[in-house]
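Let's walk through this structure together, one piece at a time.

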Amino acid sequence: MEVLHITTSGSVDDGKSTLIGRLLYDTQSIPQDKMDALHAASKRKGLDFTDLSLLTDGLVAEREQGITIDVAHIYFSTPNRKYIIADTPGHIEYTRNMVTGASTAQVSLILIDARKGIVEQTYRHFFIAALLRIPYLVVCVNKMDLVEYNEARFNQIVEDFQQMVASASFQAPSIKFIPISSLYGENVAGRSEKIGWYKGESLLEYLEQITFDHADSTHPARFPVQSVIRPMTKEFHDFRGFAGKVASGHFNVGDEIISLPSQQKSRIKTIQQFETQLSIASARESVVITLEDEIDTSRGSMLSKTDNVPSLLKEITAQVCWMDQQKLVPGKAYLLQHGINRVKAKVQQINHVIDVTNNKIVEDKKELGLNDIGKITLKTAQPIFADSYHVNPANGAFILVDEFSNATVAVGFVE
Amino acid sequence: MTNKIQWEFPQALEDEAIYILRETAAQFEKPAILFSGGKDSITLVRLAQKAFYPGKVPFPLLHIDTGHNFPETIEFRDWLVEKLGLELIVRNVQDSINQGKVQEETGKYASRNALQTVTLLDSIEELKYDACMGGARRDEEKARAKERIFSVRDEFGQWNAKMQRPELFDMLNGKIHLGENVRVFPISNWTELDVWNYIRRENLRIPSIYFSHEREIIERDGMYWPTSPFLNTSEDEKPFLHKVRFRTVGDMTCTAAVASEADKLEDIIAEIMEAKISERGARIDDKRSEAAMEKRKQAGYF
């Protein structure tokens, strides 16, 4: 069974939590005792309806303020597939959480309040979806009930959104627009009768038919080595296997490979998944690979096929999203973690900072603080084996770790 | 839309969990698996076995024994450890009580559930574990829905929900300061049903109390409580026999039974699909308040 990852973004009060609650409710994913707790909590708040948004706002501070602070993960299934939703906050100060939620998603769900239309946050959400190259974008025009399910209003918002997309310099993913009312469940799971003028799929119908052939299997073969397995037992005396998860592409038994950074070559002898011998390992599969020859390979090494080898980069230009209270300090050494490989890195310069609400370079701003997005140049102590993010996302992203606080301070996308 | 029974386990979940276990082994000096004897930690042990094969599981199991466990769980634990040749370390809540570090709760809801946090934190300090893997899942409860896969705890074991490290793509940052430790949750993205389908696919043995059996119980607050020497009951709570099973395995004082005839895995899965009560709904420890889990997590609970 497949797993589809969705990220949701929205502004304050545009009904994101209600929409997720609605999806769970309509797929019968809310057990009776949780429903009862919802009824009771809604009543305590003096509401005359069951507030489905209370289902996902998990932290005390969130319940008090009625907002979503952190990334929450929500799960539901249909007979077709398993869904994982990363519900992320819409506030400007939580951009880093939006990026976090978006990093694993194949679908980005953007909510727009039908009364308000496109707002500053919409640009931000679109920019993040585009920056991370999320393949599917679903724009839900919500609260259609509050604009009398007006078709012209919906069309206006669609037009405005497409204008924004057209003006953006980055490649736009596949975009679907759906008029919904999450409060009343119109076009959420089932099709709405009240929105009869809309002939397309409901949100869930649309999600169900998305085919996600992990695009990465068409990408170059990359295998980051997590560890070397050497049991040294009687039974497996000479066994030396490389454990890892295929980042992208696929490997076959017999393939000629090259190990980086040693640049030594060998052939794949076996691919194992526990006791099973496989003939092929594809993107995202955790396996153990053994080679014909003893070559210099250890944790942090990367195996790739000899016909498509990643470049060894020591000077990197990348888009980054800064995620820490403490601003980026040019010249300071950070740890750069690319996949599982860590090297020391220094930021040479901040090229520019981008205003994500209009995709324009901010004049005269040369510093990156919390939630800022910009372009930087880095120099690393040892080379990393990365691809450009837009060519191969699975091998093109990295994080920066502050060596003193140990915090993850940024995420970067190799140009 | 009606849910049909899903038998197929999403393989991506196993691949992800194995990746996390391998990262834990590589990034930390002294990791351990927190083992309760429940189905989630049994799943974790299976994943560890697969992650390092044909090598051995490179870390021990740590069991915080409240002394109020179901005997069936302890029997199962010892069988599993023996069969897989694992190292088991047990620390007892009773010792923390004897040392005066915690006090036994009183009243009819008395349980050692909260007490075990102290024993756990002491054990982590004593044994110098820098990473403890647990079988917690985000679908269990809404505070858990916000937990990271690598969740950093301070010296006092505290979880700071607002200061969590962002986790991007599958990159895990396990760097910590001396004295800090990390809770690792490899099956964060699994649901209860995923766990059961996995147990079925892997043909794993689980403690017998998960299956329907006849047991002496009392009824309290609309739930079935198993009788035991540890449960304080009043005169009017008359014990009776009933066919029940347990959906989770906690202490005998804080795990309610559900009426069930399900004595095969298939029946259990079918039952879960139709269940009206969520899994933790049978956990009396969560019923204390809406924020019960979040408060316990801040205090260092698993």
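Helices (H or I, at least four residues) and strands (E, at least two) are DSSP runs, numbered from the N terminus, and two strands pair if DSSP finds at least two bridges between them. This is a predicted model, where local features need pLDDT of at least 70 and side-chain atom pairs count only at pLDDT 80 or more, while totals for chains, interfaces and linings use all residues. Residues are numbered from 1 along each chain as its sequence is written, and chains are lettered from A and ligands numbered from 1 in the order in which they are written.

Start with strand E1 (residues 31-34) of chain B, which runs parallel to strand E2 (residues 61-65) of chain B and is joined to it by two bridges. Look for Ile33(B): it faces Leu61(B) in E2(B). In general, strands of a sheet pair through backbone hydrogen bonds, either parallel or antiparallel.

Now zoom out. E1 and E2 belong to an open sheet of six strands in chain B, ordered E3-E2-E1-E4-E6-E5, with mixed pairing. At its edges sit strand E3 (88-92) and strand E5 (150-153) of chain B, each pairing on one side only. On average, neighbouring strands here are turned by 30 degrees against each other, direction ignored.

Helices pack against this sheet too. Helix H2 (residues 39-52) of chain B touches E1 and strand E4 (131-133), and its direction makes about 140 degrees with that of E1(B). Helix H5 (residues 116-127) of chain B lies across E2, E3, E4 and strand E6 (181-184), at about 145 degrees to E2(B). For these angles, axes are lines fitted to C-alpha atoms (for helices, over the stretch in contact), and angles run from 0 to 180 degrees between N-to-C directions.

How is chain B divided up? There is domain 1 (11-198 + 290-298) and domain 2 (209-286), with bounds from an automatic or database domain assignment. Their C-alpha centres lie 23 Å apart. The contact between them takes 24 residues from domain 1 of chain B and 20 from domain 2 of chain B; two residues are in contact if their C-beta atoms, placed from the backbone, lie within 7 Å. On the domain 1 side, helix H3 (71-84), helix H6 (192-202) and helix H8 (292-298) of chain B each supply at least two residues, and H6(B) gives the largest share, four residues.

Finally, what about the other chain? Here 49 residues of chain B are in contact with 57 residues of chain A. On the chain B side, helix H1 (11-27) and H2 are the elements giving two or more residues, and the largest share, eight residues, comes from H1(B).
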